[in-house]
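Please look at the model below and ask, for each label attached to it, what value lies behind the label and where the cut-off falls.

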Amino acid sequence: MGWLDLLEMTILHGGFLLAEQLFRPKALAEMTKSDWEHVGRPIVEALREISSATACSQPFAWKKKALIIIWAKVLQPCPVTPSDMENRWQEDVFFSVGNMIPTINHTVLFELLKSLEASGLFIQLLMALPTTICRAELERFLEHMTVDTSSKDVAFFLDVWWEMMKHKGNQQDPLLSQFRTMAHKYLSSSDDFSHPPKRFKSDPDVCPTMPLLAMLLTGLKQIQDRILCPGMKCCALANLADMLTVFALMEEDPQEVSATVYLDKLATVISVWNSDTQNPYHQQALAEKVKEAERDISLTSLARLPSETIFVGFEFLRSLLQEWGEELQALLNSSQGTSYDSFRLCDSLTSFSQNLKLYLDTTSLAKEERQVVSELAECVGDFLRKTNRAVRSTGGGQDIAASIAMAIIEQKMDRHVEMCYIFASERRWAFSDEWLSCLLDNRALFREPGLVLKLLETVMEVGTIDRAISKPRIKQVVDLILECYTHLSLPDKNKGLSEKLLAHLEGFQEDLNTTFNQLTQSNSEQGLAKAVASVARLVILHPEITVKKVCSMAVVNLGTHKFLAQILTAFPALRFMEEQETVWTKLSTPREEKQFLELLSCLVSPIKPQGIPVAALLEPDEVLKEFVLPFLMLEVKEVDLSLRIFVQTLEGSTNLEEYWLQSCSPFPLIFSLCQLLDGFSKYWQLPKEKRCLPLDGKDLAIHILELLCEVVSANADTFSPDTWVKSLSWLHRKLEQLDWTVGLRLKSFFEGHFKCEVPATLFEICKLSEDEWTSQAHPGYGPGTGLLAWMECSSISSSISEQMLALLVVDVGNPEEVRLFSKGFLVALVQVMPWCSPQEWQCLHQLTRRLLEKQLLHVPYSLEYIQFVPLLNLKPFAQELQLSVLLLRAFQFLCSQSCRNWLPVEGWNHVVKLLCNSLTNLLDSVRLIQSVGPWAQGQEQDLTQETLFFYTQVFCHVLHIMAMVHQEVCEPLYVLALEILTCYETLSKTNPSVSSLLQKANEQRFLKSIAENISPEERRQTLLQKISNF
C-alpha cells in the first residue's frame, strides 16, 4: 500500500504538533468538543495544505489516506510489552505512520471529519470496519453529536445519515481492505470491542446497515430540539421519509426504472443544483454532478428495517410533520427559489406517500398498526395538498438532459449503454456540435447493430426534415456510422443493416448485380482471370456484401460453386467468416446443400488454376466453430447439415501437417458428440419438434465420433502427459451423466486408463474380465435385464458384437437353457429395435445369424402359411426362413396390446424401414444361394422349388405384418410385397413343366387368399392383379 509521502506525512505531523502545543499542558487525548475551535485549526490547515499539493495527481486520495491513519491511531490498542511493540512495527502498516501522531481521542477524529465536511468518507471508512467496531464507532459518534449540539453538528449528522443510505460499498478498494484487516487485528487484541453497543445486540443474519440506520433514527430523536433552520428540517424529514420508503416500504430488489425515467430524474436533480447557489454541488463540473446525482436517485436496499424500528419511524415522522409542517409549508409556498433541501422534501414525501398507500393495500397489519399507518398517510397527504409546489425541475431539466447523457457516455458511468440508445434515438440532439463530438470520441461504444441502425434512422430522418443541416455535415455523420458498421462482425452486419446502408453507397448495388450477372454468363475456366478483375473492386468497396452475394449464387445456381470459390480464393486478404444466414435460409433442396458442401470444401482446400495465385479463405477449425459446434443438438434443425460439414472437414483435413483440432478443444468436442448420441437413447420420448435429426443420422454421428477419437489419439503427443490424463479423466467424468452405452463407444479411446462400465446384470450372462470391465448400478437394469444390456452392447459395433458373442454363457447342451435364452432374446430384440440406427440394426441382424449358426438361438418354424407339407430340401434356406419368422414374431410382439403405444407414427415408420432392409437382405441372400447350385454333397440339385417356397413364406409374413401395423406406415411393406411377387414370377417362368404349372395354379389360389385380407382396396387389387399374371 502506498501511504502518504514523507513530505505529506511531515505536514500532517506538523499540524498535530502545533495543535499539541496550543493545548498544553493538556494532552490531545483529553480534548473535548469545546476545545476544537481553538486547537483543531492547525490539523485542518495541514490536511488542506496536503490537499492543495496532491489534488491534481490524486484527487481525494490524500483525504482518505490521512483519515485512515488518524482513525487507525484512535483504534490502536496501546502496546503492553516490548515484544508487543516489536510485533506492531513488523505487522501493523499503520503503526509506523501513526506513531508520528500524538495519542488522540475520538473527539479529534469526529471534529476533524466535521470540519472537512467529509461525511462521505466517514461512511466509507465506517462501513469498512468489522461489524462490532463499526457499531461501537457509530455509537461514539452519536454520543459526540448529542453533546453541546451546534447547527454544524446537526448539518454534519444529517449528511452522515444521507450518506449511509446512499452507501453501496467498494470491495475492490485496497485502502479500505487493509483498514478493515488491521481493525480485525485490533478487535482480537482489545477488550474495548468485546461487547456490542449498549443499545443493539449483534445479529450476524441482519444486513449490517439496518442496525446503523436504527441508531441514526434514535440519534435524530436526541437532537430534534437542536434542528432550528428550515433547510435542516427539510433535510431531516427527507432523510426520514427516504429511509422508510427504501428500507421499509419498497421491495428489497425493486425493478430498475427505464433509462428515460432515469435520465429525467438526473436532469431534474442537477437542474435544481444549478439553481441552488448554496448547494455544495452548484459549482462542480457536470461529470461530478452526474456521479453524485446517480447516487442520490439510486437508493436501494438488500434488507428491511425491523418492524419495531419501522413503526417507531412512522410515528416519529408524523410527529415531526405536525410540529414543523406549518413552518415548512410557508417556506415551500413562498416565492423564494427552490433549494435542494426543499426539493428533496417534496420528492421524498411524494414517493413515501405513494409507497405507503401500496403498503396499506398489500400488507397484513394488526388493528393498531393499521391505524398508525392510516393516520400517517393522511398526515403526509394533507401536507402535500397544502404545498403548491410540483415535484419537478425548475425548467432546465430537458435542456441539460442531452449534456447529462453525453457525460454518462463519455465517463462510461452506470447505464451508459442505455444512454447510447437514447443518444442514438433522440432527434432533438442530432447534429449539434456536442452530439457530433460525443459520437466521434466514443464511436467504439456504438459498434453494435441496434445502435448503428438507430443512428442511421435518426440521421436520415433529421437530415431529411431539417434543411438547415448542410450536406457535408450529414456526410460526416454518415461516414462515422459507416465506420461503426465496418467494425461489426458479419452476422451483426447481416441483421438488416447491409440493405439500409447500401442506400449510402451510391451505385454499389447496381454494380454488384451487373458484375455477377456477367459472371454467370461467362461461367468457364477461361473467364476466371477476367472475373477476378471484375470482382476485385466490389471486394475492396464492400467485402461482406460481396461474399454474401457469392455464397447466395453458389448455392442457388447449379454448377457455379467451384468457379465462384476460385474467384473468392483469389483474394488472400479476404476473410470468409460466418455466412450462416445464407446457409440456413437459402438451402432448400438436397442439390443446394450438396453445392454448399462443395463450396466449403473449395474454400478450405482451393482448386489452384494456372496463372492465378489462390489461398484458403477458411481454416478447418473455423468451419467447425461457425457451422458445426453451435448446432450439435437434436432439437436444432441444422444439425443434419452440420454433421455432413463435420465429416467432410475431418476427412478432407487428414493430410494437413498441423494438428488443427487442438484449437477446437477436442475433448469438449468429443463430449458434444456424445451428448448428441445420448439424445438418441430417449429418442421416441422426445417431442417431434426436438427430433430434427433422424435415427439414420445417428450412424453419421457415430462415424464422426470414431474418426475424431482416432485423430485425437494419433496426436496424443501434442498434449503433455499430465494434460492428456486430466483431459481423459474430465471426459470420463462428464460421460457419467449420459447413457452408459455412449461411454462404451469410447472403449478403445479409454483403453489403458479406464475400465468399461456396464450394468451389473451383464455379468450374469457373460464371462467378463474384471481387468477390462466393471459393473455399475444403472436405473432400469434390475434382475433379468442382462440379455437386454448384452444386446445393447452388441449393437454398438461389429467388434464389440463379436466380443459379446464370445463371452456369452449359454449351455447348448441344455435345451431348457437354450429355450429360455431364445425367449429372452426375442423380448430384448423388441426392446432395442425401435432405437437402433440402420447400422446398429445390421449388427444385430448379423449377430442373430451367428447365434443361429452356433445353435444358441432356437426359432421354431410354424406351418401357419403352408397348404401341404412340402417334400423339399429347405436346409439351404433354414437360416433365412428362421430370420423371417423371428422378424414376424418381433412385430407380433411390438403390435401387441402391451407394446403398441410405445412409438409415435414416425417410430413405426422407422421400425418398418428396418424390417424391410432386413427382408431385402434375405431376398438377396436367397437369390445368391439359388444361383450357386449344384448343392448338397456335389450332387446335381435344382433349388427352384425351394426358392419359390421361400418367396411365398416371406410374402405371407410381410402381409401379416401389414395387417398389424398402421396403414400410414405400410407403403415400404407394400412395395416389398410387390418385389417378392416379381421375384416369384421371374423364377417360376424358368420351370414350365406340367407339374410346375399345377403347383403354380395352387400357389396362385393360396397367395390370393392371403392378399384378399389386405386393405385399402387399391393395394389389394394391385396385389391380386400381380398374382394373376403369374
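The questions and answers below concern a predicted model.

Q: What makes up the secondary structure of the chain, and how much of the chain counts as buried?
A: The secondary structure comes to 48 helices and two strands. Of the 1030 residues of the chain, 51% count as buried, where buried means a relative accessible area under 20%. Among contacts with a separation of 6 or more, 78% join residues 24 or more positions apart.

Q: Why is H106 called buried?
A: The relative accessible area of H106 is 17%, and the label applies under 20%, so H106 is buried. H106 has its place in helix α7 (residues 106–115). Leaving aside neighbours within four places in sequence, H106 is in contact with V74, E137 and R140.

Q: Is R415, with its positive phi, buried or exposed?
A: R415 has a relative accessible area of 14%, and the cut-off for buried is under 20%, so R415 is buried. The phi of R415 is positive, at about 65 degrees, although R415 is not a glycine. R415 lies in the loop between α19 (397–411) and α20 (416–425).

Q: How do you know that the buried residues of α36 line one face of the helix?
A: The buried residues of α36 (residues 721–735) are W724, S727, L728, L731, H732 and L735. Seen down the axis of α36, these residues fall within an arc of 135 degrees, so they line one face of the helix. What covers them includes α34 (666–680), α35 (696–714), α37 (740–744), α38 (747–750) and β1 (756–759).

Q: How does the span of α36 compare with what is expected at 1.5 Å a residue?
A: Helix α36 has 15 residues and reaches 21 Å from its first C-alpha to its last, close to the 21 Å expected.

Q: What puts the buried residues of α21 on the same side of that helix?
A: In helix α21 (residues 433–441), W435, L436, C438 and L439 are buried. These residues cover an arc of only 160 degrees around the axis, which puts them on the same side of α21. The face turned away from the buried side carries the exposed residues D433, E434 and D441.

Q: Why is α32 called largely enclosed?
A: Eight of the nine residues of helix α32 (residues 620–628) are buried, so the helix is largely enclosed by the rest of the structure. The buried residues are P620, D621, E622, V623, L624, E626, F627 and V628.

Q: Which residues have the most contacts inside the largest nonpolar core?
A: They are F749 and W790, in a core of 173 residues. Helix α45 (residues 944–964) supplies the largest share of this core, 12 residues. Apart from this core lies another, of 113 residues, among them L158, M165, L175 and L237. Not counting residues up to four places away in sequence, W790 touches L762, I765, C766, M804, L805, L808, F825, L847 and L851.

Q: Which residues are closest to the centre of the second largest pocket?
A: The second largest pocket holds about 580 Å³ of space. Of the 26 residues that line this pocket, S681, D739, T741, Y781 and E792 are the closest to its centre. At least two lining residues come from each of α34, α37, α39 (786–794) and α41 (815–832).

Definitions and conventions
Residues are numbered from 1 along each chain as its sequence is written. This is a predicted model: local features need pLDDT of at least 70, side-chain atom pairs count only at pLDDT 80 or more; totals for chains, interfaces and linings use all residues. Side-chain values use heavy atoms; hydrogens and water are left out. Helices (H or I, at least four residues) and strands (E, at least two) are DSSP runs, numbered from the N terminus. The expected span of a helix is 1.5 Å times one less than its number of residues. Buried means under 20% relative accessible area, exposed over 50%, partly exposed in between (1.4 Å probe, protein chains only). The arc is that of the directions from the helix axis to the C-beta atoms. Contact means heavy atoms within 4.5 Å. A nonpolar core is a set of buried Ala, Val, Leu, Ile, Met, Phe, Trp, Tyr and Cys residues joined through side-chain atoms within 4.5 Å. On a 1 Å grid over the protein atoms alone, a cavity is a set of points where a 1.4 Å probe fits but cannot get out, and a pocket is an open set with protein on both sides within 12 Å along at least five of seven lines; lining residues have an atom within 4 Å of a point. Grid points are joined across faces, edges and corners, and a volume is the space filled by probe spheres set on the points.
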